[in-house]
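Me: Could you go through this model with me for a bit? I have a few quick questions.

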Amino acid sequence: MVGNTMDEVRLADFARMDEEAFFERLYVEHRKMYAIAFSYLGTETDALEVVQEASCRAWMNRKKLKDEQAFTPWLIRITINCCMDELRRKKRMFPAERLAEEAAQEMKSNERIDLERAMNRMKPKYRHAVILKYYQDMTTAQIALVLNKPEGTIKTWLREGLKQLRKYL
């Protein structure tokens, strides 16, 4: 009974994490958040905007995090959700803005454009797994923790994602 009380106190302390401790943890993960956002969005400005949005959402929802060990996967999940929100928002973007972006895209190498197009055509669940595995160098166990799915499911998603990439390329 005393053990449970100590655990409850520790979790309550973590939920009330002070601002300085929270932002120290956030700073450690900042580079990873940016890399994930950039791999989803492809531009520095969009990636920086998403990192800022994800940081804000994490701060506002910090009391919902019950386990300090889950901080990094929780933060990555928030970052991915912000990226998906931004991608949805961009789909509703005014066509003139899209034309300017397409002109800028022509400056990139053909292989990168092909890979980006193939990644965008993949099902989102497969794209999430492939990006975390090959862009972020995460293990299947880490990806399973971030996406809150069993490891076997992640392995299947990776296999199917690579199969889709081969088909599109």
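Me: Where is E20 found?

Reply: E20 is found in helix α2, which covers residues 19-41, where helices are DSSP runs of H or I with at least four residues, strands are runs of E with at least two, and both are numbered from the N terminus. This is a predicted model, in which local features need pLDDT of at least 70, side-chain atom pairs count only at pLDDT 80 or more, and totals for chains, interfaces and linings use all residues. Residues are numbered from 1 along each chain as its sequence is written, and side-chain values use heavy atoms, with hydrogens and water left out.

Me: And is E20 buried or exposed?

Reply: E20 is exposed, with a relative accessible area of 57%; exposed means over 50%, buried under 20%, and partly exposed in between, using a 1.4 Å probe and protein chains only.

Me: Which residues form the negative surface patch?

Reply: D18, E19, E20 and E24 form it. Patches are made of residues with over 30% relative accessible area and no salt bridge, with like charges joined within 9 Å and nonpolar side chains (Val, Leu, Ile, Met, Phe, Trp, Tyr) within 5 Å. A salt bridge is a side-chain nitrogen of Lys or Arg within 4 Å of a carboxyl oxygen of Asp or Glu.

Me: What about R31?

Reply: R31 also lies in helix α2 and is exposed, at a relative accessible area of 73%.

Me: Switching to D46, what does its side chain contact?

Reply: The side chain of D46 makes a polar contact of 2.4 Å with the side chain of K90; such a contact is a pair of N or O atoms within 3.5 Å, where within protein one must be able to donate a hydrogen and the other to accept it, and residues adjacent in sequence count only if both atoms are side-chain atoms. D46 sits in helix α3, residues 44-60, and is buried, with a relative accessible area of 11%.

Me: Which residues other than glycine have a positive phi?

Reply: Among them are D137, with a phi of about 60°, and N148, with a phi near 60°. D137 is in the loop between α7 (124-135) and α8 (140-147), while N148 is in the loop between α8 and α9 (151-168). D137 is exposed at 68%, and N148 counts as exposed at 67% relative accessibility.

Me: How many helices and strands does the chain have?

Reply: The chain has 9 helices and 0 strands, and 36% of its 169 residues count as buried.

Conventions. Areas by Shrake-Rupley, 256 points an atom, 1.4 Å probe, with all protein chains shown as cover. Lys, Arg positive; Asp, Glu negative; His and termini not counted. Charge placed at Lys NZ, Arg CZ, Asp CG, Glu CD.
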